Amino acid sequence: MLEVFIFATLNGLVTGLLLFMLASGLTLIFSMMGVLNFAHASFYMLGAYFAFSISQYIGFWAGLIFAPLIVGVLGALVERYGLRRVHKSGHVAELVFTFGLAFLIEEIIQFVWGRDTKNYQYPDLLDFPLFTLFGQEFSAYRGFMIAISIGIFICLYRVLTKSRIGIIIQAAITHPNTVANLGHNVPLVFMGVFGVGTALAGLAGVIAGPVLTTFPGMAAVLGSIVFVIVVIGGLGSLAGAFIASLLIGLLQSYAIASDVGMADFLNLIGVSFERSHPLNDLWTLTLPQVAPILPYLLLVLVLVFRPTGLLGKREE
Amino acid sequence: MGLIKKLSVWIGYLVALLVAPLFFDSILAISILNQMTIAIIFALSYNMLLGQGGMLSFGHAVYFGLGGFLAVHALILIEHETVFFSITFIPAIGGIIGLLAAVFIGSFSTRKAGTVFAMISLGIGELVASSSLIFSDFFGGEAGISGDRTFGPLFFGFDFAQNIEIYYLSAVWVFIATIFMYLFTQTPAGRMANAVRENPERAEFIGYSARKVRFISFCASGLFAGIAGGLFALNYEFITEENLNAITSGRVLLMAYIGGLGYFIGPIIGAVILTLMNSLLSNYSELWMLYLGIMFLLTVMFLPKGFAGFIMMHQTAWVKGSLKQLAVPYLITGIPALLFSTACVAIIEMSASEEEVFHYLGMELNPHSIFTWVIAIIIVVASFYATRRSLLQLANAWESANEIPDSKDSES
Amino acid sequence: MSIILSLNNVRKNFGATEIIRGVSLDIKRGEKHAIIGPNGAGKSTLYHLISGRHNVTSGTIKFKDKEIQNKPPFEIARLGLARSFQVTNIFPRLNVFENIRCALLWSNDYRYSFWHLLGKQTELNEKAMHVLEQIGLKDKALYPSGELAYAQQRALELGIAVASDAELIMLDEPVAGMSHSEAENAVELIKRITQGKTLIMVEHDMNIVFDVADRISVLVYGELIATDEPKNIRANQKVQEAYLGEVATSA
């Protein structure tokens, strides 16, 4: 029991930190530009595919460095030549634009790399068990994922709180007009933030690709969950996004690892149904089965009872 | 005068619906027409939310799909003779289910418009789609469920075994649904939906609860989406999870947006265009979804009011009678633009093609020869340059065609 | 004269800051009442409390003997209290006629009807045209309201407020930002269309205030320091101090 719990916690932590790497970029972009970037997970997918291609020719480590950079540049270009143009048509148009972009990126990836799953492997260097607990191995690569994610957060945190550009960004989040009036080039800052945010997503893709498999649906799998996270955490709140990422990561991990279902509950209260009962599906429901829908359930509940999210202040 | 004009538009619409299968009478054409009728109702119902009510939904397929699933179940019940009525009323069942679902979901999701509404709709959409896979007894899992529309009492001698019979049934439904959706825009509830979209706060100060106004539009929209789902069930006689998941929700957003949100006719145009692309383009190219994505992004960027908006842009010139001044400038820009797109498509298709000889617009191209590529790239670059160069003259022509001669409107 | 609106010890805090500090005020049926005071005195906040945009922290507000504090704006509006806004607040992509007609719907008992066709409601449409005539926008009826000139938008703002034939009309700086001649026209318009109704008005231009108002209340830092007829207000020592002090410091 304890081993299940510990491994579920570790796996939940890996997922949660990975989710936060996406959610942090999305939150930064939303706070600055008021745009919920539907295509954010698509940049994550691009990161994985670029890294895969680079790893074929040069190696994993080159991919780790160059893939996020390429993704970031692409993101900045999208902001400069796409989003900025749509901006004047309002928020709905922006949201619809990023929605279309997500659609297009998926098609482009299928066009360039094909529909099949790519054999993107993590390097031999990290192919050993980091430690063995209760006879189960915890792979070094997962440890590496945790290390990279935490490293990124520390950098991000320091940049945002200590550096000049970080202070401008923080100010631009709350008072965009004032910052513009102070003579800062807000469009350039926007482009930069969009680029960095998408590069972070790309990096997440690079390190997640070998574990979560690299295939054209990988953006869709994670995309709406990341959306759910930034909304649950509170739009524009980095701390909220962090809590929500870990919450969702752990929640799903526990739900999958658990072995309880409706049947256990019914046994507990002493009720039983025939297999032919019309609601048989409901009576045989198990927690691992509902794990994929838990985030959405949580989203709807949070939005109904607390539309600003856990730590959000702005209500739009 | 206004009434006659309006009436003639409606009669024209009805006639178009009725005679369409006479001109397009192949099996493929009838099936495309059937898809169009479904898409038209669905897209119009979506526009009640987004275009008229300002509610961006990422989960509109929920009402379409639930209506469709219940409609197939109704078909099964008719087949088992548990109930006894004509299948012509099946879309009404879909509509009632769509309405009930919208009443329930709308009761908490319409409190706010904007991002919160969009996110709730996304969450509900994912929730319903994933749940449908879990409850496989009712929804049939990945395979979906199927029925047979030829049971039940005959309707004036028709058993609807033929697709053409279903088409005429759909045409009647789509005509009635379109009329009612149009009339809704002309009622106090419909007009206040516009007002709440524009300025929910002020609407509250003139006596209207913004939430309740949204709720009414939301329910009406669910009703018509359910009717579309019911027609889908009749046409295909089966339905799967895909019909209530994000793919279908995304497609209806595309239709309404490409057609034009601001105009009642917009979603109809969008539904027709997308259904045609879906059915025809997919025969010619496996990459049609890629083209669809490109077209959609270009529409959002350059035609924010969609195709209907693009047509309506010419109203001033039309009234002035200066529309023909634009013909030549349009040609000057249009020809290189067309050349540019065909050359781009050729390059995309060539790089995807694994054949020795690549057939394109009657030409036989060799994708393995560098020569072909160089020519294609030269055409792309040259036509792009020519298009860009021609934009200035188009802008000038546009300005002079739309120039208002006197200060008719500038002073009052 | 009977009392139509009665505020009793109304208070409003935003966080730790007290913006409205115990305001009590009775408005008589049919009077024209002006509320004046220096910037930041809380005039707009007071309006928002009465019309339901903000909730009060404590105290009661009675409109026609019904308590209305903390009720949503639409319920208050239905009782017959209409207001305009300091910053133009219209339905920009609807045309001018639709703006006015929307404002007429509830008071003409259409509620949330989806079975009446607006085009066929002759009486309603005539009423809307009549309001347009009064505010001088009849020839702009089919014009998108968001594209009107500023003064015309202000007139429309006023029209939306008065259209519903409410008993109490609250105007928030109706002539702010207008040129002198535009303001003069607007004042004539206000006098004309509020005839026989109760009017509360926040206004900075003292000429207009003394021209229109039967009584004046002076709000300073969230407190009413005087409510009286114009000639007494002019002579009031406290008002002089508050106002002249403010004028002196802000100049």
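Start in chain C and select the open sheet of 6 strands, which runs in the order β6-β7-β8-β3-β9-β10 with mixed pairing. Strands here are DSSP E runs of at least two residues, helices are H or I runs of at least four, and both are numbered from the N terminus. Two strands count as paired if DSSP finds at least two bridges between them.

Before going further, note that this is a predicted model: local features need pLDDT of at least 70, side-chain atom pairs count only at pLDDT 80 or more, and totals for chains, interfaces and linings use all residues. Residues are numbered from 1 along each chain as its sequence is written, while chains are lettered from A and ligands numbered from 1 in the order in which they are written.

**The sheet in chain C**

Color β6 (81-83) and β10 (223-228) of chain C: these stand at the edges with a single partner strand each, so one side of each has no neighbour in the sheet. From one strand to the next, the twist averages 15°.

Now pick β3 (residues 32-36) and β9 (residues 215-220) of chain C, which pair in the parallel sense over 4 bridges. Click C:I36 and look across to β9(C), where its bridge partner is C:V218. Then show helix α1 (residues 43-51) of chain C, which packs on the sheet and touches β3, β6, β7 (168-172), β8 (198-202) and β9 of chain C. The direction of α1 makes about 150° with that of β7(C); axes are lines fitted to C-alpha atoms, for helices over the stretch in contact, and angles run from 0 to 180 degrees between N-to-C directions.

**Where B meets C**

Residues are in contact if their C-beta atoms, placed from the backbone, lie within 7 Å. How many residues does each of chains B and C bring to their contact? Chain B brings 24 and chain C brings 32. On the chain B side, α7 (163-185), α8 (188-198), α9 (200-205) and α10 (210-236) each supply at least two residues. Zoom in on α8(B), which gives the most, with 8 residues.

**Chain B as a whole**

Zoom out to see 17 helices and 4 strands in chain B. Its radius of gyration, taken over C-alpha atoms, is 24 Å, close to the 22 Å that the globule rule (2.2 Å times the number of residues to the power 0.38) gives for 412 residues. The C-alpha trace spans about 70 × 65 × 45 Å along its principal axes.

**Where B meets A**

This contact takes 34 residues from chain B and 37 from chain A. Select α5 (114-134), α6 (136-139), α11 (246-259) and α13 (288-302) of chain B, each of which supplies at least two residues of the side that touches chain A. The most come from α5(B), with 14 residues.

**Last stop: chain A**

Chain A has 14 helices and 2 strands. Buried residues (20 or more other C-beta atoms within 10 Å of their own, with C-beta atoms placed from the backbone) make up 44% of its 316 residues.

Of the 18 residues of α2(A), 15 are buried, so the helix is largely enclosed by the rest of the structure. Just after α2(A), click A:G59, which takes a positive phi of about 155°.

Note on methods: Buried ≥ 20, exposed ≤ 12 C-beta atoms within 10 Å, placed from the backbone. Contact = placed C-beta atoms within 7 Å.
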